[in-house]
Amino acid sequence: MAPVTAFSDREFPDTIVLFDVDGTLTPARHTVSQEMLDTLAALRKKAVIGFVGGSDLSKQVEQLGPTVLKDFDYCFAENGLTAYRLGEEMASQSFINWIGEEEYTKLVNYILRYIADLELPKKRGTFVEFRNGMINVSPIGRNCSREERNEFEKYDLERGLRKKFVEDLKKAFPHLALTYSIGGQISFDVFPTGWDKTYCLRHVKQDGFTKIHFFGDKTFEGGNDYEIYSHPDVTGHAVTSPEDTMRILNELFPSK
């Protein structure tokens with residue numbers, strides 16, 4: 001991407017454009033295209049750009065490239081609980097410190113027993129992935145292949161398996177202020193209420209942006225883009241693919 005210019009030197013210095021990753025900048029769990037990188041580089045000359053994803057930074061590096069901290073002004077991993085501004089790390093939060101070891105163990109034990117009792121065509125490995133600001137729960141297991149990932153997504157859409165899993169967790173742990181957010185093809189996130197993607201907004205307030213755009217594909221209620229998409233300070237754009245993202249960007253920020 002192009003060399004970084006100061007925020008004040010951009011065409012729209014009061015505007016920041018934030019993006020979900022999976023299904024928005026890249027196909028789910030695929031790498032970013034050169035066309036998208038070129039589109040983002042051109043946009044960065046006009047406005048401040050950033051991504052906000054639920055995964056940890058290592059997965060976003062896999063998808064967006066090894067220079068991701070240089071290619072975006074803001075990098076928000078785990079909904080902004082791990083955050084970077086112009087390549088410099090910002091303050092972070094910890095899920096385990098918030099919930100405590102005892103409650104965390106009860107929660108994970110329940111999840112693993114629940115998955116053990118699920119009748120699925122296939123199960124693989126890594127059913128609970130511990131992250132800094134949340135846990136990610138996958139009934140099939142995150143180690144599944146791409147073909148198995150696609151199969152599970154179809155299976156889940158037909159049966160509402162993840163939706164029921166979330167409902168049962170809410171009933172089992174009503175005393176914990178947790179939010180359950182279905183995202184991607186095979187999993188859902190569990191994190192303290194308020195630690196959804198709107199968490200990243202507290203990091204950008206210091207720069208005084210008056211216009212905040214967000215692009216995401218899981219913008220329906222219960223999807224992991226819903227809270228930030230519908231936030232009163234944000235102009236949300238629901239997209240269906242990276243191509244759709246580029247189309248809307250070209251309409252909002254046309255080349256001269």
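Me: A charge sits over a ring if NZ of Lys or CZ of Arg is within 6 Å of the ring centre and within 35 degrees of the ring normal. Which residue lies over the face of Tyr155?
Reply: The model is a predicted one. In it, Tyr199 has Arg202 over its face, at 3.8 Å from the ring centre. For Tyr155 the distance from the ring centre is 3.8 Å, within the 6 Å limit. The residue over the face of Tyr155 is Arg159.

Me: Which kind of aromatic pair do Tyr110 and Phe173 form?
Reply: The count of aromatic pairs comes to 15. For Tyr110 and Phe173, the ring centres are 5.5 Å apart and the planes make an angle of 85°. An angle over 60 degrees decides the class, so the pair is edge-to-face.

Me: How many residues apart are the two partners of this pair?
Reply: Tyr110 belongs to helix H5, while Phe173 sits in the loop between H7 and S8. The pair therefore links distant parts of the chain. The separation is 63 residues.

Me: Which element gives the most residues to the largest nonpolar core?
Reply: This core has 29 residues, and Leu107, Ile111 and Ile135 touch the most other members. Two or more residues come from each of H4 (95-99), H5 (101-117), S7 (135-137), H6 (146-159), H7 (161-172), S8 (178-183) and S9 (187-192). With 6 residues, the element that gives the most is H5.

Me: Which strands stand at the edges of the open sheet of 4 strands?
Reply: The sheet has the order S6-S7-S9-S8, with antiparallel pairing. An edge strand has a single partner strand, so one side of it is left without a neighbour in the sheet. The strands in that position are S6 (128-130) and S8.

Me: How many bridges join S8 to S9?
Reply: These strands form a hairpin with 3 residues between them, and Gly184 in the turn has a positive phi of about 65°. S8 and S9 run antiparallel, and the number of bridges joining them is 6.

Me: What angle does the direction of H7 make with that of S8?
Reply: The bridge partner of Tyr180 in S9 is Val190. H5 packs on the sheet, touching S6, S7, S8 and S9, and its direction makes about 10° with that of S7. H7 also packs on the sheet, touching S7, S8 and S9, and its angle with S8 is about 175°.

Me: Which residue in S9 is the bridge partner of Asn136?
Reply: S9 is mostly covered, with 6 of its 6 residues buried. S7 and S9 pair in the antiparallel sense over 3 bridges. In S9, the partner of Asn136 is Asp189.

Me: How many of the 6 residues of strand S10 are buried?
Reply: S1 and S10 pair in the parallel sense over 5 bridges, and Phe19 has Phe215 as its bridge partner in S10. S10 is also joined to S11 (residues 235-238) by 4 bridges, again in parallel, with Thr235 in S11 as the bridge partner of His213. S10 (residues 211-216) is largely enclosed by the rest of the structure, because its number of buried residues is 5.

Me: Is Thr82 buried or exposed?
Reply: Thr82 is found in strand S4 (residues 82-85). Beyond four places in sequence, its contacts are Cys75, Phe76, Ala77, Glu89 and Asn132. Its relative accessibility is 13%, so Thr82 counts as buried.

Me: Is Ser8 buried or exposed?
Reply: Ser8 lies in the segment before strand S1 (15-19). Ser8 and Glu35 are 27 residues apart in sequence and 26 Å apart in space, C-alpha to C-alpha. At 58% relative accessibility, Ser8 counts as exposed.

Definitions and conventions. Residues numbered from 1 in each chain as written. Predicted model: local features only at pLDDT ≥ 70, side-chain atom pairs only at ≥ 80, totals over all residues. Heavy atoms only, no water. Core = buried A, V, L, I, M, F, W, Y, C linked by side-chain atoms within 4.5 Å. Buried < 20%, exposed > 50% of the residue type's maximum accessible area, 1.4 Å probe, protein only. Phe/Tyr/Trp six-rings, centres within 6.5 Å; stacked < 30°, edge-to-face > 60°. Pairing = 2+ DSSP bridges. Contact = heavy atoms within 4.5 Å. Axes fitted to C-alpha atoms, helices over the stretch in contact; angles between N-to-C directions.
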